[in-house]
Amino acid sequence: MSNTLKFSRLSLLLKNHLVEHKQKYLFYLAGMFFIGLIVMLLALSFTSYYPDNNTYTANREPRTTGWEAAQTVMYLGGLAIFGVIFASVSFVNFNNKGEAIFFLIKPASQLEKWLSEIIVHVFLFFLAYTFIYYLIDIPLTMIVRYNEYEVFMEAYKDWTPVEQRANLFHASSYFHFSSMKDDFLIVYPICISVYLSLTAFFLYGAVLFNRFSFFKTLILGFVTFIAYLIYSSWGLRNFEHFILPDDWNTLSFVKAYSRGEGYSFKTALGDHWTAIMAYFVMFIIPAFLLACSYFKLKEKEV
């Protein structure tokens, strides 16, 4: 079988994959629904309502309500937890020689097999998770909005006519990132990048390890994280202060800040360069991890 990509073959492979794992995936989606429902009902039961959190004036933007903050935490937390668990069971159980041989000899290229796993375990999962989240969130948010309005109206009765005209009602939003609307173009890509990086890392672990891939990948991730913390703290401690060269101002993407008398400086990238580097990192990390899983799959043997 050639290693080229043929979309008709990829389509057939995807259909075959979904038919083979239909029951397992339906159970997983049902589990997500009921666990999510329990968690969000608990969050709803602990939600407190204050009229100040649901008012705004011409001179003041609406505050982030408690439910809006809870929505963001629950969506991102659930996406990370359920996403890495689902990604960790991608491909097949390579410890089972029968399953592994059947997977490797399927009439499709390694690229097509890899892409089918990415499509199902990263992109289709993201869509399914978001659909299930809003299936639960929208009815509960309707209840929250009703309670918020009731509390607002109770307080409204005791306000003066001037206060009644000045304070307008603001209900909690249905959209889970409404609490981050001011930094949406930065926060949302970061969250998507983190999701892609986590799932790509566990996809790589599913190919790398034959037995107990989830736990081994978890340990590998923890060790990598600790090593990164040690390295970054060492780098900050040793490179925060240094003597700039005479032609430092030719490096237009660097800003220098004096840290006192003498030749001690702190440097930082300019704002636009910081944004460019941030978006580059957000793209390159998940792409690198996905590439690792592909090349590992190409050399996989039973």
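## Terms and basis of the model

A polar contact is a pair of N or O atoms within 3.5 Å, where, within protein, one atom must be able to donate a hydrogen and the other to accept it, and residues adjacent in sequence count only if both atoms are side-chain atoms. The model is predicted, so local features need pLDDT of at least 70 and side-chain atom pairs count only at pLDDT 80 or more, whereas totals for chains, interfaces and linings use all residues. Residues are numbered from 1 along each chain as its sequence is written, and side-chain values use heavy atoms, with hydrogens and water left out.

## Overall fold

The protein chain has 9 helices and 4 strands (DSSP runs, H or I of at least four residues for helices and E of at least two for strands, numbered from the N terminus), arranged along the sequence as α-α-β-α-α-α-α-β-α-α-β-β-α. Of its 302 residues, 33% are buried, that is, under 20% relative accessible area with a 1.4 Å probe, protein chains only.

## The surroundings of T65

T65 belongs to the loop that runs between strand 1 (55-56) and helix 3 (66-88), and is buried because its relative accessible area is 2%. The side chains of T65 and S172 are joined by a polar contact of 2.7 Å. Beyond its neighbours within four places in sequence, T65 is in contact (heavy atoms within 4.5 Å) with N53, N54, E148, H170 and S172.

## Packing of helices 2 and 5

Helix 2 (residues 22-45) packs against helix 5 (residues 110-157) at an angle of about 35 degrees, the axes being 10 Å apart; axes are lines fitted to C-alpha atoms over the stretch in contact, and angles run from 0 to 180 degrees between N-to-C directions.

Conventions
Buried means under 20% relative accessible area, exposed over 50%, partly exposed in between (1.4 Å probe, protein chains only).
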